[in-house]
Amino acid sequence: DIMCKIESKSLKIDDNTILNIHSITNGYIIWKVDISSLNKLIEQLKYNRETIAENVMLEEKNYKAKLRINALKEKNKLYQKLQKQTEYQVNLLYELLDLYDNETKPENKNKLLAMITVVGTYIKRRGNLLFLSEKEKLLDCSDLVLCLQESASNLGLLNVKSAILTDSTKEISAKDACDIYDFFEKVTETAMKDM
């Protein structure tokens with residue numbers, strides 16, 4: 001019966017035993033093979049594969065977490081740098097807001113709001129320049145021109161007529177762009193109350 005069942009020259013009798021058959025002249029050779037050690041190795045391989053897959057997944061999660069942490073640290077450094085570079089303007093904003101809260105005359109309130117807008121624009125645009133300068137050492141002049149144009153435009157709220165004329169097709173070092181914008185803002189803040 002077993003020989004009839006064995007068409008592929010081997011038959012698995014149970015989980016750990018295989019029966020093999022081979023034809024010879026005038027008969028067959030039949031032998032039994034114990035595969036329990038092979039099964040143990042296969043189980044160990046499955047276990048190892050699962051363990052390695054779990055470890056790889058944990059390592060990948062750890063790596064991604066480290067990347068996120070490093071990215072957040074870099075952003076935090078940039079925000080701290082921006083905070084340090086615009087500390088004076090932030091304090092000026094608080095002063096202007098206090099003056100605005102205590103002011104009763106509408107025309108003075110409007111002038112204070114315009115001044116707040118000018119200083120707030122600088123903080124926003126200076127942040128843009130800082131982030132760009134962290135990525136590139138050379139910037140398009142158009143980046144600086146946008147900063148200057150928005151600041152100049154907001155000076156219109158103080159009835160100051162201004163225009164920016166520049167060749168925005170050139171490049172400028174990021175440091176110089178920041179220095180120029182800082183100088184522009186310093187002049188503006190110094191003269192803002194009397195403009």
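In this predicted model, N20 stands opposite W31 in strand β3. That pair belongs to the antiparallel pairing of β2 and β3, which extends over 8 bridges. β2 and β3 are part of an open sheet of 3 strands. The helices treated below are α2, which covers residues 36-85, α4, which covers residues 106-135, and α5, which covers residues 141-155.

**Sheet**

- The strand order is β1-β2-β3, and the pairing is antiparallel.
- β1 and β3 (27-34) are the edge strands, each of them pairing on one side only.
- From one strand to the next, the twist averages 25°.
- In general, strands of a sheet pair through backbone hydrogen bonds, in either a parallel or an antiparallel sense.
- In a regular strand, side chains alternate between the two faces of the sheet.

**Pairing of β1 with β2**

- Strand β1 (residues 10-14) and strand β2 (residues 17-24) run antiparallel and are joined by 4 bridges.
- The two strands β1 and β2 form a hairpin, with 2 residues between them.
- L11 stands opposite L19 in β2, and K12 stands opposite I18 in β2.

**Pairing of β2 with β3**

- β2 and β3 also form a hairpin with 2 residues between the strands, where N26 takes a positive phi near 60°.
- T17 has D34 in β3 as its bridge partner.

**Packing of α2 against α4**

- The axes of α2 and α4 come within 10 Å and cross at roughly 135°.
- An angle over 145 degrees would count as roughly antiparallel, whereas α2 and α4 are therefore oblique to each other.
- The crossing in which α2 passes α4 is right-handed.
- On the α2 side, the contact is made by L78, Y79, K81, L82 and Q85.
- On the α4 side, the contributing residues are I123, R126, G127, L130, F131 and E134.
- Sorted by class, this contact of α2 with α4 has 6 nonpolar, 2 polar and 3 charged residues.

**Packing of α4 against α5**

- The axes of α4 and α5 come within 9 Å and cross at roughly 175°.
- Angles over 145 degrees count as roughly antiparallel, so α4 is roughly antiparallel to α5.
- From α4, the residues that meet α5 are T117, V118, T121, K124, R125, L129 and L132.
- Their counterparts in α5 are D143, L144, L146, C147, E150, S151, N154 and L155.
- The contact of α4 with α5 has 7 nonpolar, 4 polar and 4 charged residues by class.

**Salt bridges**

- The structure holds 8 salt bridges.
- A salt bridge is formed by E43 with K46, and the closest N and O atoms are 3.9 Å apart.
- The cut-off for a salt bridge is a distance within 4 Å between a side-chain nitrogen of Lys or Arg and a carboxyl oxygen of Asp or Glu.
- E43 and K46 are 3 residues apart in helix α2, so about one helical turn separates them.

Note on methods:
Residues numbered from 1 in each chain as written. Predicted model: local features only at pLDDT ≥ 70, side-chain atom pairs only at ≥ 80, totals over all residues. Heavy atoms only, no water. Axes fitted to C-alpha atoms, helices over the stretch in contact; angles between N-to-C directions. Parallel < 35°, antiparallel > 145°, perpendicular 65-115°, else oblique. Left-handed = near helix turned anticlockwise from the far one by under 90°. Contact = heavy atoms within 4.5 Å. Nonpolar A, V, L, I, M, F, W, Y, C, P; charged D, E, K, R; others polar. Pairing = 2+ DSSP bridges.
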